[in-house]
Amino acid sequence: MKLGVAVIVLALLGVPAHADPGTAKVFPLSGANLPKSMAGAPAVLTKVLAKTFGAEVANVPIEDAAGLMECELAAKSCLISIAKSVEAKVIVYGRVEPRDGGLVLKLSSFDVKNGANERTFVLKGETTSELSEELAAAIENASKPKPPDVEPGPDERPKDKDKPKETPIDVPIGDETESTSGPISTSTWAIIGGGGAVTAVGAGLLLSTISLRNQVDKAPRDTFEDLLRLRELENAGKTRTTVGGIMLVAGGAITTYGIIRAISQRHEKRPPAKTIDVVPEAGGASVILTVGWP
């Protein structure tokens, strides 16, 4: 059975076509819910990868290796530890899943120096032998350099080459416009509110000393108990005056900082408005959506 166009390469995998022995290690591919006719596909495709990259096959799946290292496979530090444990500069691993009568191979590699890369293969072979041939051909085609751009000949150039180039027209989307002022963050409002609350409490303590002062002026001084009560009122007044003054100053400073921060954030420029570029062309026009990102 001849092979059709059955492999779609979504991203280039950062592994050389033929790695030096000992530089790469391929972990056994995992697979689940595979049909009986393709039950051996993970093992066969693992061997294809190892042969293509000139690498050795690890003894256990990478999930088991992560379990032995007691680390999360999604973490870069975990992949570095696994690579060091198998004495490899590059590790390759992946998963095989069924799809539309064929298989999807989600392949990942991790280079200790260059980081992680991913690639997805859609394989339409009906047997493990056909799947192996497809995968090997796909990797070989992906590793070939693209041909250089060739200047078209006189007969191949478009007839409307002398046509003046149209200038794109920027059309705002709806009535949406962006001001140059930026938003004030929630934390800034919290700082301003907190500073105001501290100031209010400090002012309340200072006002309460007036009431204590009136009580001191009117307090009896005839007995020893009266004198003790008078001293308590005086001490309370001093404490409230000290604490209230500190809170009043601190609250004012916090509020001032929050206001300065709000002004700074308000003057920050926001991203440009979204526009649509309308480029007139023969028989119609091209529409290009441009979105500004922060």
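Predicted model: local features only at pLDDT ≥ 70, side-chain atom pairs only at ≥ 80, totals over all residues.

Trainee: Why is the link of Cys-71 and Cys-78 called a disulfide?

Mentor: The sulfur atoms of Cys-71 and Cys-78 are 2.0 Å apart, and a disulfide is a pair of cysteine sulfur atoms within 2.5 Å.

Trainee: What makes Cys-78 buried, and what is Cys-71 called?

Mentor: Buried means under 20% relative accessible area, exposed over 50%, and partly exposed in between (1.4 Å probe, protein chains only). Cys-78 has 0% relative accessibility, so Cys-78 counts as buried. Cys-71 has 25%, so Cys-71 counts as partly exposed.

Trainee: How do you know that the buried residues of H2 line one face of the helix?

Mentor: Helices here are DSSP runs (H or I, at least four residues) and strands are too (E, at least two), numbered from the N terminus. In H2, residues 62-69, the buried ones are Ile-62, Ala-65 and Ala-66. Seen down the axis of H2, these fall within an arc of 100°, so they line one face; the arc is that of the directions from the helix axis to the C-beta atoms. They pack against helix H3 (76-85) and strand S4 (90-99), where contact means heavy atoms within 4.5 Å. Just after H2, Glu-70 takes a positive phi of about 55°.

Trainee: What makes S1 and S4 a pair?

Mentor: Two strands pair if DSSP finds at least two bridges between them. Three bridges join S1 (residues 24-26) to S4, so the two count as paired, and they run parallel. Val-26 has Val-92 as its bridge partner in S4. S2 (residues 30-31) and S4 are also parallel, over two bridges, with Gly-31 opposite Val-96.

Trainee: And how do S4 and S5 pair?

Mentor: They run antiparallel, joined by 10 bridges, with S5 spanning residues 102-111. S4 and S5 form a hairpin with two residues between them, and Asp-100 in the turn has a positive phi of about 50°.

Trainee: Why is the contact of Glu-97 and Arg-95 called a salt bridge?

Mentor: A salt bridge is a side-chain nitrogen of Lys or Arg within 4 Å of a carboxyl oxygen of Asp or Glu. Glu-97 and Arg-95 have N to O at 3.4 Å, so that pair qualifies. Lys-106 also forms a salt bridge with Glu-97, the closest N and O atoms being 3.7 Å apart. The structure holds four salt bridges.

Trainee: What makes Lys-106 partly exposed?

Mentor: Lys-106 has a relative accessible area of 39%, so it falls in the in-between range. Arg-95, at 36%, is partly exposed too, and so is Glu-97 at 25%.

Trainee: What about Arg-229 and Glu-232, how far apart are they along H6?

Mentor: Both lie in H6 (residues 224-266), three residues apart, about one turn of the helix.

Notes
Residues numbered from 1 in each chain as written. Heavy atoms only, no water.
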